[in-house]
Amino acid sequence: MAKAFPPDVLLLGDQSAIFARLERGKPNPRLTNVKTYPVAAGTFQPGPVGPTIGDLQLLAGLVERIHREQGRLERLSVLLPDSWFRLNLIEPASLPERW
């Protein structure tokens, strides 16, 4: 079976992170482990479009804790919430014809 996806997934959020480990199987992958980790206040800060990393040491500490508790992490998919990248499009009533 081709290795189409990393077996470990980390879903980051403002207040928590969810770690999941998948095992490849026929015909579908199987979820073998799921754990929620709290995200320390200050890890992420509001930015102009979505959150930015507020404290890199806090984020590194979270990843180290997950690695320590979950064991080997060779490849990891990191998922970010859609709301972190959502843009608001504004349509003005009228624009000038010339610059």
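Visitor: What should I know before I start?

Guide: The model is predicted, so local features need pLDDT of at least 70 and side-chain atom pairs count only at pLDDT 80 or more, while totals for chains, interfaces and linings use all residues. Residues are numbered from 1 along each chain as its sequence is written, and side-chain values use heavy atoms, with hydrogens and water left out.

Visitor: How many helices and strands are in the chain?

Guide: Helices (H or I, at least four residues) and strands (E, at least two) are DSSP runs, numbered from the N terminus. Here you'll find one helix and six strands. Starting at the N terminus, their order is β-β-β-β-β-α-β.

Visitor: And what share of the residues counts as buried?

Guide: Buried means under 20% relative accessible area, exposed means over 50%, and partly exposed is in between (1.4 Å probe, protein chains only). In this chain of 99 residues, 20% count as buried. As for contacts (heavy atoms within 4.5 Å), take those in the chain with a separation of 6 or more: 45% of them are between residues 24 or more positions apart.

Visitor: How many salt bridges does the structure hold?

Guide: The general idea goes like this: side chains of opposite charge can pair when their charged atoms come close. A salt bridge is a side-chain nitrogen of Lys or Arg within 4 Å of a carboxyl oxygen of Asp or Glu. The structure has five of them. One is between Lys-35 and Glu-69, at 2.7 Å from N to O. That pair ties together distant parts of the chain, 34 residues apart: Lys-35 sits in strand 3 (residues 30-38) and Glu-69 in helix 1 (residues 56-70).

Visitor: Are Glu-74 and Arg-72 buried or exposed?

Guide: Both are exposed. Their side chains also meet in a salt bridge, at 2.9 Å from N to O.

Visitor: Let's go to Gln-70. Which residues is Gln-70 in contact with, leaving aside neighbours within four places in sequence?

Guide: Gln-70 has its place in helix 1. With those neighbours set aside, its contacts are Phe-19, Arg-21, Asn-33, Lys-35 and Tyr-37. The relative accessible area of Gln-70 is 12%, so Gln-70 is buried.

Visitor: Where is Thr-43 found?

Guide: Look in the loop between strand 3 and strand 4 (44-45). Thr-43 has a relative accessible area of 1%, so this residue is buried. Thr-43 and Ile-53 are ten residues apart in sequence, and 6.1 Å apart in space from C-alpha to C-alpha. Leaving aside neighbours within four places in sequence, Thr-43 is in contact with residues including Ile-53, Asp-55 and Leu-58. Its side chain also reaches the backbone oxygen of Ala-40 at 2.7 Å.

Visitor: One last thing. Which residues line the largest cavity?

Guide: On a 1 Å grid over the protein atoms alone, a cavity is a set of points where a 1.4 Å probe fits but cannot get out, and lining residues have an atom within 4 Å of a point. A search of the whole structure finds one cavity of 30 Å³ or more. The lining of the largest cavity is made up of Leu-10, Phe-19, Val-63, Ile-66, Leu-73 and Leu-76.

Terms used
A polar contact is a pair of N or O atoms within 3.5 Å; within protein, one must be able to donate a hydrogen and the other to accept it, and residues adjacent in sequence count only if both atoms are side-chain atoms. On a 1 Å grid over the protein atoms alone, a cavity is a set of points where a 1.4 Å probe fits but cannot get out, and a pocket is an open set with protein on both sides within 12 Å along at least five of seven lines; lining residues have an atom within 4 Å of a point. Grid points are joined across faces, edges and corners, and a volume is the space filled by probe spheres set on the points.
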